[in-house]
Amino acid sequence: MQGPDPLRQDAEHDALIMSQRFDVALNNITQGVCFFDGQQRLILSNRSYAEIYGLAVERVRPGMSLRDIVDLRYAAGSCPDMAPEEYLTWRDRIQAGSEQCDSIVSLKNGKIISIHHRPMPDNGWVATHEDITERRRAEERLAYTARHDALTGLPNRVLLREYLDPHPDRRRREGPVAVLCLDLDGFKHVNDQFGHPAGDALLCAVAERLRANTRPDDVVVRLGGDEFAILQNAAAQPDDATALAKRLIAEIARPYALGGDCVTIGTSIGIVWAVGDDELGLLLKFADLALYRAKAAGRGTYRFFEPGMESEAKRRHGLESDLRRALANREFELFFQPMIGTRTRGLIGLEALLRWRHPARGLLAPREFIPMCEETGLIVQLGDWVLQEACLQAARWTSDVPVAVNLSPIQLEDGGVVPSIKRALAISRLPPRRLELEITETVLLRQTPGTTATMQELRDLGLRFALDDFGTGYSSIAYLRRFPFDRIKIDKSFITDLGADPSARAIVQAIVLLCRGLGMSVTAEGVETTEQAAVVCSEGCDAMQGFLFGAPHPAARLPEMFTQFGSAMIEAT
Ligand code: C2E
Ligand code: MG
Ligand code: MG
């Protein structure tokens, strides 16, 4: 008898093992795999193929037609959003094409499947199906995150750029649009005073108001910080943009409830019209120039871009770099003007007045450069230098009269003035009571939530405050109640008019009376003649300042001044 053929047995065994291995491999890959013959009959498929389409594994059997499987899929809802016939026609076309092809199919149940089709020699094919739903969602999330602001959920600059892409095929927005650039007024103070979470909440509330007050086809964007932009679909220009700007200014200015606090802020708006293929960068730049104008016009208002603004910005830029250079080259200098007590006729203080020793233009007075410094924000840096220099100088005097320093409203609004003053006092070791800060009514007029708190903080440090140029602005008596000034300085225009205009004297009398009642001392500015000095004295002013007693002089002339008024100065080495 012949026994079993050991060779054949081995071969069968190997084949079995191979087949088992193939089975394990096929059923353990996450992609669905299926083989179809030229007659669209299933030869082989794996577990993942059935699972991807939500079919019971045992129902997908070799020998089934593609049509049967498609029917199963339509019954299970794992089918594309089209009629089965349409889907089958599409598959037929792919099969007939006899070419390798990749497609992405979205299913009704929300899944997204990537199909890789590879033709076989018998006109059949092998296809791999991969569920890429999660990957797609992650990509979408990433794309969304890249185009939206995380805090407010508003579109960001990236999306804005896509809306206004200069390339017509890529541009998302057609037709005339207005670009409105918004910058919040007073936001920084809320952030500083109430903390960042409150600031964030405020930005979200602003975003909500912007959304609520624009049309669905307008695009509201957060550019960053407290800056927003609106892409307005605006056919009727400038009326549409004007109406929107006015509405937004009013809406943003309504109070906000933040936790237990109620805060108010404002907004300034710059507007530019886009005509077709303007580049976004350019549009934003123009809108920004207009915004700058709106801010300079006192905030809480809007301005349209005008071509002249560009050259003006260039000029400003030139002056700004001039000023920066001047600061670095130490071209600034402090002059000092004496303040004289009316009773003692002795020195009661010195006011520091800034000068710019310009290499080409000579000695420049503050009115020639301070406004520009305020516009550009350089006043913060320059003011910091003035404070330090004034304190260092004053600390060298043996007489302990105070030094008066003029503060710009911008410095007080900036928020950095307290550390700046603390630093100046620490470096110079000048006692705080010897530093007097002069502010004008503009500060009180523009009063933001932060300025009062800042002024109070400085007062608590022991500094004194003078209200400068009183009588020239709004001269609201309410200001005098709002903050306890130590001194009021009557503007020189009243003193100049003392001889000629009886009402000027009446005003001086009234101010003196008022200040008496409020416990503030009064200084008359711009006293040039002995007659004026006599009137000022008889009306009860406490101090005088003016050319009669001395013009502002460089620090080198101070010893002279000290001798003249019976004081002495010792130079520290
Ligand atoms: P101010 O604080 O009211 O200073 C008084 C101004 O009147 C000074 O002008 C002074 O030279 C001038 N003056 C003094 N006595 C007389 C007089 O008898 N007759 C006339 N006609 N004028 C007199 P100045 O130095 O040109 O400063 C002008 C303004 O610039 C100052 O007015 C002040 O508001 C501002 N300023 C000066 N220094 C600084 C500074 O360091 N920072 C800031 N933010 N502003 C400053
Ligand atoms: Mg002054
Ligand atoms: Mg003044």
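User: Let us begin with accessibility: is Asp 183 buried or exposed?

Analyst: The general idea is to sort residues by relative accessible area, computed with a 1.4 Å probe on protein chains only, where under 20% is buried, over 50% is exposed, and anything in between is partly exposed. Asp 183, at 12% relative accessibility, counts as buried. Please keep in mind that this is a predicted model, in which local features need pLDDT of at least 70 and side-chain atom pairs count only at pLDDT 80 or more, while totals for chains, interfaces and linings use all residues. Residues are numbered from 1 along each chain as its sequence is written, chains are lettered from A and ligands numbered from 1 in the order in which they are written, and side-chain values use heavy atoms, with hydrogens and water left out.

User: How should I read a salt bridge, and which residue does Asp 183 meet in one?

Analyst: Side chains of opposite charge can pair when their charged atoms come close. In one of them, Asp 183 meets Lys 295, with N and O 3.1 Å apart. Asp 183 belongs to strand 6 (residues 177–185) and Lys 295 to helix 10 (residues 280–296), so their pairing ties together parts that are 112 residues apart in sequence. Those element names come from DSSP runs numbered from the N terminus, helices being H or I runs of at least four residues and strands being E runs of at least two.

User: Which residue does Arg 293 pair with, and where do the two partners sit?

Analyst: Arg 293 forms a salt bridge with Glu 312, and their closest N and O atoms are 2.3 Å apart. This pair also links distant parts of the chain, since Arg 293 is in helix 10 and Glu 312 in helix 11 (residues 308–328), 19 residues apart. Arg 293 itself is partly exposed, with a relative accessible area of 29%.

User: What does a pair look like when one partner is in a loop?

Analyst: Glu 539 and Arg 505 meet in a salt bridge at 2.6 Å, N to O. Glu 539 lies in the loop between helix 21 (530–538) and strand 21 (543–544), while Arg 505 is in helix 20 (residues 502–518), 34 residues apart. Glu 539 is buried at 15% relative accessibility, whereas Arg 505 is partly exposed at 32%. Elsewhere, salt bridges that share partners join Arg 67, Asp 71 and Glu 85 into one network.

User: How do I read a metal site, and which residues coordinate the magnesium ion (ligand 2)?

Analyst: One lists the donors, meaning N, O and S atoms within 2.8 Å of the metal (3.2 Å for Na, K and Ca), and because water is not among the atoms, sites may look incomplete. For the magnesium ion (ligand 2) they come from Glu 351 (OE), Asn 406 (OD1), Glu 438 (OE) and Asp 468 (OD), at 2.0 to 2.2 Å. Glu 351 in strand 14 (residues 347–358) and Asp 468 in strand 18 are 117 residues apart, and both are buried.

Definitions and conventions:
Salt bridge = Lys/Arg side-chain N within 4 Å of Asp/Glu carboxyl O.
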